[in-house]
Amino acid sequence: PSAPAVTETNLLLQAFEVEGGQPVAASWRLVALTDPPREVLRSALSQPRAKVPPGDYEVHVTAGPVRLSEQFRVDGAEQTHRVVLGMGTVSGIARLTADQPRGAPGSWTVLADEVSGYRTGERVVASALDAPTFRLAQGSYRIVWASRNGVIRRESAVAVEAREASSVDIDLRAG
């Protein structure tokens with residue numbers, strides 16, 4: 001006797017910062033790639049479950065400023081789909097002079113150059129901290145620092161690699 005055909009799959013969705021890392025909190029949108037495509041799940045749960053029929057799906061994951069979409073196939077009675085976000089860290093500091101230990105007050109804006117889920121030039125995240133740290137998806141970015149009064153503005157390109165930490169150190173040459 002042949003095995004009965006699978007009509008429904010108990011699907012678990014999980015997101016990870018990096019391969020082999022810990023699961024991260026994320027929000028989810030699951031779309032069945034039927035004709036026409038239809039949304040079958042929208043969830044802010046970290047690891048949502050859904051009962052779905054076998055077929056092709058596209059998942060959209062958002063974790064902080066990280067956005068990722070990917071397609072996968074569902075088949076079988078139980079399935080876990082793991083999404084690896086490929087996150088790294090960028091720290092920023094703007095100094096009035098090269099030897100100043102503390103960051104100058106201002107605002108930081110991270111703009112996408114080549115980043116999954118963003119258009120070139122689109123704002124990814126911002127901070128008013130003097131020395132912020134950003135968790136970002138791997139890709140290339142422009143980091144913009146502006147003085148509080150908007151008179152001084154500096155920009156620096158940075159590449160983010162999964163698991164890696166990089167920094168942007170801006171010398172304002174104010175001395």
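Tutor: A residue counts as buried when its relative accessible area is under 20%, as exposed when over 50%, and as partly exposed in between. Keep those cut-offs at hand, and keep in mind that this is a predicted model.

Student: Let us apply the cut-offs. Is Arg-29 buried, partly exposed or exposed?

Tutor: Arg-29 has a relative accessible area of 27%, so it falls in the partly exposed class.

Student: Which side chain does Arg-29 meet in a salt bridge?

Tutor: In general, side chains of opposite charge can pair when their charged atoms come close. Arg-29 meets Glu-39 in this way, with 3.2 Å from N to O. The pair links distant parts of the chain: Arg-29 belongs to strand E2 (residues 27-32) and Glu-39 to strand E3 (residues 38-43), ten residues apart. Glu-39 is partly exposed, with a relative accessible area of 39%.

Student: With which residue does Glu-39 form a salt bridge at 2.8 Å?

Tutor: That is Arg-42, where 2.8 Å separates the closest N and O atoms. Arg-42 is exposed, at a relative accessible area of 60%.

Student: How many salt bridges does a search of the whole structure find?

Tutor: The search finds eleven. One of them joins the side chains of Arg-142 and Glu-155, at 3.5 Å from N to O. This pair also links distant parts of the chain, with Arg-142 in strand E12 (residues 139-147) and Glu-155 in strand E13 (residues 153-160), 13 residues apart. Arg-142 is partly exposed at 23% relative accessible area, and Glu-155 is partly exposed at 41%.

Student: Which residues are linked with Arg-142 and Glu-155 in a network of salt bridges?

Tutor: Asp-113 and Arg-153 join them in the network.

Student: Now the sheets. In what order do the strands of the open sheet with E8 stand?

Tutor: The general point is that strands of a sheet pair through backbone hydrogen bonds, either parallel or antiparallel. In this sheet three strands stand in the order E11-E8-E14, and the pairing is mixed. E11 and E14 are at the edges with a single partner strand each, so one side of each has no neighbour in the sheet. On average, neighbouring strands here are turned by 25° against each other, direction ignored.

Student: Why is E8 described as largely enclosed by the rest of the structure?

Tutor: The reason is the count of buried residues: eight of the nine residues of E8 are buried, so the strand is largely enclosed.

Student: Which strands form the open sheet that contains E1?

Tutor: Its three strands stand in the order E4-E1-E7, again with mixed pairing. E4 (49-52) and E7 (78-84) are the edge strands; each has a single partner, so one side of each lacks a neighbour in the sheet. Neighbouring strands are turned by 30° against each other on average, direction ignored. E1 (residues 9-16) pairs with E7 in the parallel sense over seven bridges, and Ala-15 stands opposite Val-83 in E7.

Student: Which residues are in contact with Val-61, leaving aside its neighbours within four places in sequence?

Tutor: Among them are Ala-15 and Val-83, along with Ala-26, Ser-27, Trp-28, Val-66, Arg-67, Leu-68 and Leu-85. Val-61 itself lies in strand E5 (residues 55-63).

Student: Is Val-61 buried or exposed?

Tutor: Val-61 is buried, because its relative accessible area of 2% is under the 20% cut-off. As for distance, 28 Å separates its C-alpha atom from that of Ser-156, which is 95 residues away along the chain.

Note on methods: Residues are numbered from 1 along each chain as its sequence is written. This is a predicted model: local features need pLDDT of at least 70, side-chain atom pairs count only at pLDDT 80 or more; totals for chains, interfaces and linings use all residues. Side-chain values use heavy atoms; hydrogens and water are left out. Helices (H or I, at least four residues) and strands (E, at least two) are DSSP runs, numbered from the N terminus. Buried means under 20% relative accessible area, exposed over 50%, partly exposed in between (1.4 Å probe, protein chains only). Contact means heavy atoms within 4.5 Å. Two strands pair if DSSP finds at least two bridges between them. Axes are lines fitted to C-alpha atoms, for helices over the stretch in contact, and angles run from 0 to 180 degrees between N-to-C directions. A salt bridge is a side-chain nitrogen of Lys or Arg within 4 Å of a carboxyl oxygen of Asp or Glu.
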